[in-house]
Amino acid sequence: MTVPDITGSIVVTGPTRGLGRALVPELAAAPGAPLVLLGRPGPALEAAAEAGAAADRVVTVPCDLASLAQVRAAASTVRAAVAGGDLPPVAALVSNAGLQTADRRQATVDGFELTFGVNVLAPHTLLESLRPALADGAHVVLLGSGTHHGDRSMGLVDPPRWEDPRDLARPDGPDGDPRAGSRAYATSKLAVLYQAHEWDRRHGAGRPALRVNVHDPGLMPGTGLARGRSAVEQLAWSWLLPALRVLPRVTTPRRSARALADLVLGRTHPRLRAGYVVLGEVTEPSPAAHDPARERELWQVCAELTGVPAPSAAA
């Protein structure tokens with residue numbers, strides 16, 4: 001299969017673990033595509049950059065998605081590099097980073113519930129802050145999950161429960177529901193679909209015009225996603241569930257990374273917009289994933305909580 005040239009930069013969040021780590025060499029194989037890797041500074045980020053050594057250029061930008069100030073600073077760094085001619089405009093943004101916790105008691109630096117902060121508020125901040133650096137027709141790919149359906153997680157994750165986004169952004173007190181963490185994860189993945197639909201509505205025909213899609217990587221047991229769960233759950237995730245890879249949509253980071261790279265680079269579904277793609281196959285998400293009122297409200301609350309765009313622009 002011929003790999004199309006990508007003349008712009010590709011920005012990737014979460015390049016140091018699991019799917020993101022497997023994605024870097026897949027994207028690095030695309031000719032003419034500088035990679036910009038956003039992640040926590042340290043050996044893991046350096047190793048990810050080395051894995052992308054085949055690319056024309058690999059740039060690492062330190063960024064902890066649990067801090068909106070760091071997200072804004074990372075976006076500012078990329079904008080400055082594009083404005084100064086050190087990087088071509090961003091042709092693709094892969095919002096891969098995400099996490100799942102054991103409960104809803106943990107908070108980001110800014111005081112938001114950790115899962116919602118990293119999986120929802122950080123991607124909103126990054127995309128909206130990067131818009132001046134995006135090429136016209138840039139492809140934005142968000143990381144989804146079948147857990148948003150509520151009945152496809154083999155009992156490992158509680159079904160999503162939609163609430164006012166301001167409440168979803170507020171961490172529980174010390175006596176919070178110990179199972180609320182998995183439900184928060186599923187709810188955040190429902191929110192990702194809302195974001196994709198609203199961004200397509202707002203930016204699909206704007207300047208720059210964006211193409212936004214959601215990639216569902218399938219169930220990837222053995223990755224670090226469950227590192228915030230109990231010891232028993234981590235044991236099952238790391239050692240027992242990998243035996244289920246013979247089942248449909250149970251896969252490995254390497255296989256899912258290939259499907260994700262194909263989607264990002266336009267090898268597959270080059271005209272798809274506001275789509276939901278499971279391991280390369282365009283699929284209809286849960287009926288609950290289509291709700292224009294919730295989508296509009298979520299965008300407005302994200303703008304309010306993050307300050308991006310500025311209040312006047314958001315209005």
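## Stop one: an aspartate in a loop

Select aspartate 158 in this predicted model: leaving aside residues up to four places away in sequence, aspartate 158 touches Arg179, Ser182, Arg183 and Ala186. You will find aspartate 158 in the loop between strand 5 (134-143) and helix 5 (165-168). Is aspartate 158 buried or exposed? Its relative accessibility is 17%, so aspartate 158 counts as buried.

Eight of them form an open sheet with mixed pairing, in the order 3-2-1-4-5-6-7-8. Strand 3 (58-62) and strand 8 (281-282) stand at the edges with a single partner strand each, so one side of each has no neighbour in the sheet. Next, select helix 3 (residues 68-83), which packs on the sheet and touches strand 2 (35-39), strand 3 and strand 4; the direction of helix 3 makes about 150° with that of strand 3.

Zoom in on strand 1 (residues 9-13) and strand 4 (residues 90-95), which pair in the parallel sense over four bridges. Pick valine 11 here, and its bridge partner in strand 4 is leucine 93. Helix 8 (residues 253-265) lies across several strands, including strand 1 and strand 4, and runs at about 155° to strand 5.

## Stop three: two packed helices

Finally, select helix 4 (residues 114-130) and helix 6 (residues 180-203), whose axes are 8 Å apart at an angle of about 15°. The two helices are therefore roughly parallel to each other. Helix 4 passes helix 6 in a right-handed crossing. Among the contact residues, show Val120 and Leu127 of helix 4 with Tyr185 and Trp199 of helix 6. By class, this contact has eight nonpolar, six polar and two charged residues.

Methods. Residues are numbered from 1 along each chain as its sequence is written. This is a predicted model: local features need pLDDT of at least 70, side-chain atom pairs count only at pLDDT 80 or more; totals for chains, interfaces and linings use all residues. Side-chain values use heavy atoms; hydrogens and water are left out. Axes are lines fitted to C-alpha atoms, for helices over the stretch in contact, and angles run from 0 to 180 degrees between N-to-C directions. Angles under 35 degrees count as roughly parallel, over 145 as roughly antiparallel, 65 to 115 as roughly perpendicular and the rest as oblique. A crossing is left-handed if the near helix is turned anticlockwise from the far one by less than a right angle, and right-handed if clockwise. Contact means heavy atoms within 4.5 Å. Ala, Val, Leu, Ile, Met, Phe, Trp, Tyr, Cys and Pro count as nonpolar, Asp, Glu, Lys and Arg as charged, and the others, Gly among them, as polar. Buried means under 20% relative accessible area, exposed over 50%, partly exposed in between (1.4 Å probe, protein chains only). Two strands pair if DSSP finds at least two bridges between them.
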